[in-house]
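Dear colleague,

Please find the structure below for your records. My notes on it come directly after.

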Amino acid sequence: MAFSGLNYEEAMASTRAIKRASERESARKGLRRFQQWLTENSGKLEPCEPIAFISPQGYFGIKFRPDFLVEINGRRTAIHIWNTASKLSKNLVLAALSLVANRYPEDKKRPDNFAVLSLQDGTLFSWSEASKEHGVLGENIVALIERTCDAARQELDLPAIVNPDAPSPTV
């Protein structure tokens, strides 16, 4: 609905093509929530470029794909929409958003804020609410995943991967 040119009724009608009833109902619930959010947050939606970065040792990549950019409370906020049955963990989402914010290049296109909109319950998780501890948690999660990857590579007798070009966090 943000950029496809479909209005709410057309978007709801398009869900009839979803074969599995549970997926169809989830999509409809998400569209209702998104329409409600749009009504309550009437700002102009703009496209926003994704950001991708590689973990420090090059074992994995992380990509943040905002669905749109909108001004909220005077901040240009890049928002990714999340529509799953699982309840999101506020601390983990803020940790992930901190990873994104700490690596997003400082330029004039940089959003002022980063957020995830949960269509399950309408909660907007916003990086502007994150603490320094959320930033540390995000970095610790990356380090833990990298240690796990490193241990697996050692177990399989594979050479180490080193990524000297990986950007450092600004935490």
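This is a predicted model: local features need pLDDT of at least 70, side-chain atom pairs count only at pLDDT 80 or more; totals for chains, interfaces and linings use all residues.

Residues are numbered from 1 along each chain as its sequence is written, and side-chain values use heavy atoms, with hydrogens and water left out.

Helix α4 spans residues 132-155 and has 24 residues; helices (H or I, at least four residues) and strands (E, at least two) are DSSP runs, numbered from the N terminus. From first to last C-alpha, α4 reaches 35 Å, close to the 34 Å expected at 1.5 Å a residue (1.5 Å times one less than the number of residues). Buried residues of α4 include H134, G138 and R153, where buried means under 20% relative accessible area, exposed over 50%, and partly exposed in between (1.4 Å probe, protein chains only). Their cover includes β2 (61-64) and α3. After α4 comes D157, with a positive phi near 60°.

L69 lies in strand β3 (residues 68-72) and counts as buried, at 5% relative accessibility. Leaving aside residues up to four places away in sequence, L69 touches, among others, E46, C48, R76 and P111 (contact means heavy atoms within 4.5 Å).

L92 belongs to helix α3 (residues 90-103) and is partly exposed, with a relative accessible area of 47%.

Yours sincerely
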